[in-house]
Each structure stands twice: as structure tokens, then as C-alpha cells.
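This report describes one protein structure, part by part. Please look at the sequence and the structure below before reading on.

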Amino acid sequence: MVKEPILISATAHYSMGGIPTNIRGQVRKNRDELVEGFYAAGECACVSVHGANRLGANSVLEALFFGRHVGKEMVKDIDNLDFGEVSEADAYNMVQEINYILRNNGIESVSKIRDELQESMTENAGVFRTEETLKKQLEILDSLRKRFKHIRIEDKSRLFNTELQEAIELGHMLDYAKFIVEGALFRKESRGSHYREDYPKRDDENFLKHTLAYMDKDGNISIETMDVTLGKFEVKERVY
Ligand SMILES: Cc1cc2nc3c(=O)[nH]c(=O)nc-3n(C[C@H](O)[C@H](O)[C@H](O)COP(=O)(O)OP(=O)(O)OC[C@H]3O[C@@H](n4cnc5c(N)ncnc54)[C@H](O)[C@@H]3O)c2cc1C
């Protein structure tokens, strides 16, 4: 820094939202039901303690608190939980997914697709977004998802294969990006860190609710909503 300039740029450092859970860390299947035996805590979970925006420095606190709390709740439940039924076909599907990446002989590179995903998400689905940029991003995502089917990795080993891990993670990122974009398109208002330049006002009448999004096996997303449990403070717009 003393001798030459260094690049400073914004970076994603937290994913708001996540796997919906109740206060005990049990994962919600939908508005009314839970997925038995499935718990989440930390950044991947959405317990909804933060409202529409996570305050700076609160994530580690949440991860520590809910890591301990949900762990204790799991201990209470564990004697009454049965193992789910797992078939040979389930295991086969998982192995096939990994083998596909290992054996696929395509022309696309994982790092190239990841770079394009990162850049386009920042450009079109960052804090400031509009219907136009989000729709454009959906098209980009569809094209990246198609290209992902034609990836090729060089390391074919099955031990500590970080290239394989990165490829699997990229598949998950492509799914996750689609949730972000479809959720942002659905929410025709501005709230927290979601700023729709075409809908700059917060709209409690239509959008004071959680978004629950589901992806089918073809990558299509459907959206439901869930009521927000309000605390003792009156809901009002944040002004400075
Ligand atoms: C640049 C940056 C700055 C930040 N600054 C702050 C800050 O100042 N204050 C603050 O509070 N928070 C901050 N955060 C956020 C905070 O660091 C994270 O939210 C928090 O560390 C998340 O902890 P976690 O245990 O929930 O998840 P992680 O730390 O992400 O742990 C998840 C673990 O699961 C593993 N894993 C993933 N998939 C699988 C799988 N399929 N099988 C097995 N293991 C798997 C991963 O390898 C990882 O070890 C920052 C984050 C970043 C990136």
C-alpha cells in the first residue's frame, strides 16, 4: 500500500435468508410443517432474528448462539427420532452426480463459469436491482446452468480432490443464485438490503411476509409466503 495502490472492492460477506427454521432450529418444510430430523444453524439458516437485514457483526454471534442452542435441542429430540428410509436408488443418484462431474468430457471450465456468475450477479442482482436487470440475470443463469452440464475437470482422483469439490459447489451456487434472483423479482418493493430502483418504497401491505421458495428437479422455482411474527416494536420505515 505504501508503494503502490491496492484494489479495494465490495464483496459478498453474508447470505441473508437461508434454510427456514423455527426457533429450535428445526427446518421448515412449508408454512405449517417441519422436516423431521433436519436442523440448521448459523449462516445457512434463516431463523428470522434479523428481519430484512443482518446488522453488521451479528453473524458470528448468531452462529455461536444458535450452534449451541440448536445442538441442545437436537439432544432433546434424538431419542424420539427414527432414521429416514434410504434406498439404494438414493445412494446411486448421489454417486452418479459425482461420477458425472469426474467423467464428463466437456469444454467448459469451472472457474470461468464461476467468474461469470460472480460478475453478473454483482452487476444485475446486487443491492440495487430492477425488473430489467433481474430478468436479464435469469437469462444469464439459464445459460450458465446449461454450460455447467458441459464442464470438464482435470483432476480425476477420488482423494482430497479440491477441483471436484469446487465443481460441486459451483452447481450449488448456480441453484442458490436462482433463488436470490427469483426472490428479488417477486418482491416488488424495497426492504433492508433489497433495493428495487423500480419500487423504491417499502410496501408492508403486500410484502410484510417471508418468501418461501422451492426448486423442482428441472431447476424451476415456485414461491410461497409465510406470515412474519412481529415483536413488541411497532413496524415502521427505517429513516435516518
Ligand atoms: C469477508 C467476510 C467478512 C465477514 N465479517 C464479519 C464480521 O465482521 N462479523 C460477523 O459477525 N460476521 C462476519 N462475516 C460473516 C461470518 O463470518 C459468517 O457468517 C460465519 O462465519 C458463518 O459461520 P457458519 O459456521 O454458519 O458457516 P461457515 O463458517 O461457512 O461453515 C460452514 C462449514 O460447512 C462446511 N460444508 C459446506 N458444505 C458441506 C458439506 N456438504 N458437507 C460437509 N461440510 C460442508 C464448510 O466447508 C464450512 O466449514 C464475514 C464473512 C466474510 C466472508
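## Salt bridges

The structure holds 18 salt bridges, where a salt bridge is a side-chain nitrogen of Lys or Arg within 4 Å of a carboxyl oxygen of Asp or Glu. Helices (H or I, at least four residues) and strands (E, at least two) are DSSP runs, numbered from the N terminus. In this salt bridge the side chains of Arg-31 and Glu-224 meet at 3.9 Å, N to O. Side chains of opposite charge can pair when their charged atoms come close.

The model is predicted: local features need pLDDT of at least 70, side-chain atom pairs count only at pLDDT 80 or more, and totals for chains, interfaces and linings use all residues. Residues are numbered from 1 along each chain as its sequence is written, and side-chain values use heavy atoms, with hydrogens and water left out.

## Exposure of the first pair

Arg-31 counts as partly exposed, at 42% relative accessibility. Glu-224 also counts as partly exposed, at 30% relative accessibility. Here buried means under 20% relative accessible area, exposed means over 50%, and partly exposed lies in between (1.4 Å probe, protein chains only).

## Bridges between helices

The side chains of Glu-116 and Arg-147 form a salt bridge of 2.9 Å, N to O. Glu-116 belongs to helix α3 (residues 110–125) and Arg-147 to helix α4 (residues 131–148), so this pair ties together parts 31 residues apart in sequence. Glu-116 has 27% relative accessibility and counts as partly exposed.

Asp-142 and Lys-178 form another salt bridge, with their closest N and O atoms 3.6 Å apart. Asp-142 sits in helix α4 and Lys-178 in helix α5 (residues 162–186), so the pair links parts 36 residues apart in sequence. Elsewhere, salt bridges that share partners join Arg-187, Glu-189, Arg-191, Arg-202 and Asp-204 into one network.

The protein chain is divided into domain 1 (1–84) and domain 2 (87–240), with bounds that come from an automatic or database domain assignment. The contact takes 10 residues from domain 1 and 11 residues from domain 2, where contact means heavy atoms within 4.5 Å. The C-alpha centres of the two domains lie 17 Å apart.

Domain 1 and domain 2 bury about 850 Å² between them, 56% of it on carbon and sulfur atoms. Buried area is the accessible area (1.4 Å probe) that two parts lose on being put together, summed over both. In domain 1, the residues that lose the most area to domain 2 are Arg-31, Ala-52 and Asn-53, together 48% of what that side buries. How many salt bridges are there between domain 1 and domain 2? The count is one.

## Gly-192

Gly-192 lies in the loop between α5 and β6 (195–196). With a relative accessible area of 41%, Gly-192 is partly exposed. Leaving aside residues up to four places away in sequence, Gly-192 touches Ala-52 and Asn-53. Gly-192 and Asn-161 are 31 residues apart in sequence, and their C-alpha atoms are 39 Å apart in space.
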